[in-house]
Structure formats: structure tokens, C-alpha cells
Amino acid sequence: MAPSSPQREQWSSRLGFVLAAAGSAIGLGNIWRFPFKAGDNGGGAFVLIYLACLLFLCVPYLFAELALGRKSQKNPVGAIRAIRARTPWSLVGGLCVLAGLAILSYYAVVAGWAVGYIVHDVTAAAEPSSAAFERFIADPVWVVLLFGAFLFTTIGVVAGGVQRGIERCAKILMPVLFVLICLVIFRAVTLPGASAGLDFYLNPDFSKVTGLVVVEALGQAFFSLSLGMGAMITYGSYLPDNENLVVSGSYVALFDTVVALMAGLMIFPAVFAMGQNPAEGPALVFVVLPEVFGAMPLGSFVGLLFFLLLAIAALTSSISLLEVVVSYLVDERAWTRRTAAWGAGGLAFLLGLPSALSQGAVPALSDLSWLVGGHLLGPRPGLLDVMDFLWGSVALALGALLLSLFVGWVWGSDNALRELRTGRGYTLGGLAGPAWRIAIKYLCPLTILVVLVFDVLYDVL
Ligand code: TRP
């Protein structure tokens, strides 16, 4: 095992950790992915199932990642090695690092689109918004430039370090994000006709619920909390022993959930008030919303605020994706943080180029339906969609499955529980401890396995 650097950094306070981890969790997943998943899967009913998944599976699993990170004070690979040296389990850490790099590579492409939508007034287009969007994402020069600029910013923050880079950035951007969301919600719910959207979003229609909806809700809940690839192991590793993992982890889950729910409040009232269709899939945010903004009073200003907040949310998430890779290079390979950030970020750029060019710029990358395709990926998946499916769904589910088995059975749920009970304050007393052990040993692995099998059956075969 490589020795960890003598002065490994830590968060400066609980608030610093909670904001940074919430920044990781709150991202495109909340604002772009959650609303369209809810819109496609029955609105309120999806939301209820999502909440149940969070409470019974994702939050217990989040505690497991935090405990593993805090105990070992290491990146995902080092954390596993610290518990079981020289076993194939370290490969799971390797999977985490790879997933971080791969998710970052396409996540930053989509984030770059959001930046592009800040820069030009989306409500001023002369053509229908779907045509404008398709033309924009097929433009190789703009897309690559924005992707590169976004990644460059991410690298700059991560290179700045845990406290002076990541934590400081989160402390400034998270409050800004929150205020912007509140402004957009206010505009949306005061539109005439907004209540139909609230109705769709808040009144569950259980006739839409199928097994696949449950699978989607669980997958979304894992992605939204940044679980399954060691991001929370890494962020937990910068926590001191006296911090209460259960309390601070619960804050992170709470903030993430509140922002996801608020994203629905921004989007559905506006979509219904403007007579648009909520079940538009991934196009909801980039195609339907510009039309909504174009038709509403103050629309171009609200549009600017919206895409600004989307880019901010994406930035604090992509920081955590890069940080997983950087912490590995720093702890295990003794790279300096600066070299690691530029090296890993540069690699993510190269890896992401094909995804960036897969939305029409290069036809061969734009239709991989001969390779995969099915219920979750839609009829003509491009490389970016395939990357999101392979890494953002399959690899995360696999990582979460293996990590929950590792914590529950290899490290042992009693050891993990002891770690969770270290620190000041609430300590999972009474039935909470045994309930957590059941969740991490049985409930999580079994349900995640079902999700994994479904994902593969539906889209690869
Ligand atoms: N949670 C982020 C979102 O909702 C995305 C993200 C960041 C992520 N880091 C992650 C997802 C690690 C999975 C694993 O957009």
C-alpha cells in the first residue's frame, strides 16, 4: 500500500463538507434527468417511488460509502486496499476510478450545452427550438469549445485543492444556485394555467407504474446522490473522526432531494401553462423549456437564469467526478494534485471528444442502434447516450452492488456500523442500527442486482 501524503487535506467544517457533497449530488441529474424521468413515468407516482428508494436503499448505501471513506482516509482504491490488501476487491476501486473518468467525459459535454444556452438567447431563435437544438449540438466547433471550457473550469477548481478549491467553490455556488432556483419557481408557478402542471407533478397516477418505472426510479436515485463510484468514499475521506456521518450524510440526501423536487416545480408548471408535453424525454430541458421561456413574459431573462443554474449545478458535480480520479492519483501514485488534475482532466477531454461529436457532427457516432438499443435508450442512441447508459447506469449499478457487498460482508456490517457511530451526536441507536445492517447486507445488493439485470436485459439484449 502506498503511504498517503503526510498532510492529506480535510474539509474545514461540517458545512463545508455538506455543501461540497450536496454540490456533487445536485447536478444535471436533478435538474435535467429527474424531471424528464418523472414526466415520462407518471409524474407524482414516480416521485413517490423515488422517495421510497431514497429512504430505504440510497441513504443507507450513502452511509456505507461515507463510512468506508472516513475510516480509511483514502480514495476508493486505497479505501478497499486498507481493509483488504491484495485481493481482487481492489478492482472494484479501479472500476470506480474508471467510471469517474468516463462519466466526466460525457457529463461535461452536456454541461457545455448548458453553457452554450447561457451565452445565446434561446428565446430569440427564428426556428423551432427542436431544430435549433439539433443544429447546435451538431456544431462540432461550438460543442467542443464549450465542453473544453467547462472541463477547464472543473480542472482549475480541483487543482486548487480540497479546501481552497472544491469547498470554497461549493460555498459560493450552492447558495447562488438555490436563489436562482427559487426565482425560476416563482416565475413558473405564477403563470396562468400553472396549476395543471402542479397537479400532474403532485398527484400520483399509479396506473402508470410498472416494474420498469421502479427500476428507473431506483437508478435515478443512485445517480442523483452520486453513488456507486466512490465519489462519497472520496468526499468522506476528507472528514475528521469527530464528524457525525449519519447526520451530515442525511443533510446531503435532504438537500439533493429538495432540489430535485424543486426542479420539478420549476419545470412542470411552466410546461403545462405553455401547453407543452411533459413526456419529452431528454429534450425536455433543452427543447421544451426554450419554447416555454419564449412564450412567457420575462422569458429570455428567466431562460438565462435557468441555464446559468444548470451550469452551476453541473460544475459542482463534475468537480466530484474529477476528484475521485485525482484522489486516486495523489494517494496511490504519489502525483501532485496539480499534475493529477490536469492529467486526468486532459484524458477526460480526449475521451469525451467522440461523445461531443456524436450528436450529429460525425454520423458514424450518431446512431449506434446496430450495437445497443431498446426501452431505455430509445430508437437511435448516439455514442453519448450509450456512454451514459454503460457508465451512468450499468457501471454505477455494478459498483454499488459490489461496494455494498464489500461493506456488508467483507469489511463487515458491524465494523461499518462502529464507524458510523464514531463522532459526536446521533448514533443510529435503537432499531436504526440493525435496520441499517439489514439494508446494506440484503436489501441493497438484492435490489441493485435486479436493476442491473433489468438494465442489461432491456437494452443490451
Ligand atoms: N449526482 C450528479 C447529478 O445528479 C452526478 C454525479 C456526480 C455522479 N458525481 C457522481 C453520479 C458520481 C454518479 C456518481 O447530476
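Reply: A polar contact is a pair of N or O atoms within 3.5 Å; within protein, one of the two must be able to donate a hydrogen and the other to accept it, and residues adjacent in sequence count only if both atoms are side-chain atoms. This is a predicted model, in which local features need pLDDT of at least 70 and side-chain atom pairs count only at pLDDT 80 or more, while totals for chains, interfaces and linings use all residues. Residues are numbered from 1 along each chain as its sequence is written, and side-chain values use heavy atoms, with hydrogens and water left out.

Start with the polar atoms at the ligand. The side chain of serine 320 has an N or O atom 3.2 Å from a nitrogen atom of the ligand. Backbone atoms also take part: a polar backbone atom of phenylalanine 223 is 2.9 Å from a ligand nitrogen, and one of serine 224 is 3.1 Å from a ligand nitrogen. On its own the ligand has 360 Å² of accessible area, and the protein covers 100% of that; such areas come from the Shrake-Rupley method with a 1.4 Å probe, and for residues only the protein chains shown count as cover.

Where does the ligand sit? The ligand is in the largest cavity. A cavity is a set of points, on a 1 Å grid over the protein atoms alone, where a 1.4 Å probe fits but cannot get out. A molecule sits in one if more than half of its atoms lie within 2 Å of its grid points.

The shell around the ligand has 17 residues, and among these Ala25, Gly29, Tyr107, Phe223 and Ser226 come nearest; a residue is near a molecule if one of its heavy atoms lies within 4 Å of it. Nine of the shell residues are nonpolar, eight are polar and none is charged. In this sorting Ala, Val, Leu, Ile, Met, Phe, Trp, Tyr, Cys and Pro are nonpolar, Asp, Glu, Lys and Arg are charged, and the others, Gly among them, are polar. At least two shell residues each come from helix 1 (14-25), helix 2 (28-40), helix 10 (211-224) and helix 14 (299-333). Helices here are DSSP runs (H or I, at least four residues), numbered from the N terminus.

Next come the loops. Leucine 225 is in the loop between helix 10 and helix 11. Leucine 225 counts as buried because its relative accessibility is 0%; buried means under 20% relative accessible area, exposed over 50%, and partly exposed in between (1.4 Å probe, protein chains only). Serine 237 is in the loop between helix 11 (231-236) and helix 12 (245-273). With 0% relative accessibility, serine 237 is buried too, and its side chain makes a polar contact of 3.1 Å with the side chain of arginine 8.

Two other loop residues are exposed. Leucine 298, between helix 13 (283-295) and helix 14, has a relative accessible area of 60%, so it is exposed. Its phi is near 70°, a positive value in a residue other than glycine. Alanine 334, in the loop between helix 14 and helix 15 (337-356), is exposed at 68%. Alanine 334 has a positive phi of about 60° and is not a glycine.

Glutamate 419 belongs to helix 17 (residues 383-420) and is buried, with a relative accessible area of 6%. Its side chain makes a polar contact with that of arginine 70, at 2.5 Å. Glycine 78 is in helix 4 (residues 76-83) and is buried at 0% relative accessibility. Valine 453 lies in helix 18 (residues 432-459) and is partly exposed, at 42%.

Note on methods: 1 Å grid on protein atoms, 1.4 Å probe; cavity = no way out; pocket = protein on both sides within 12 Å on 5 of 7 lines; lining within 4 Å.
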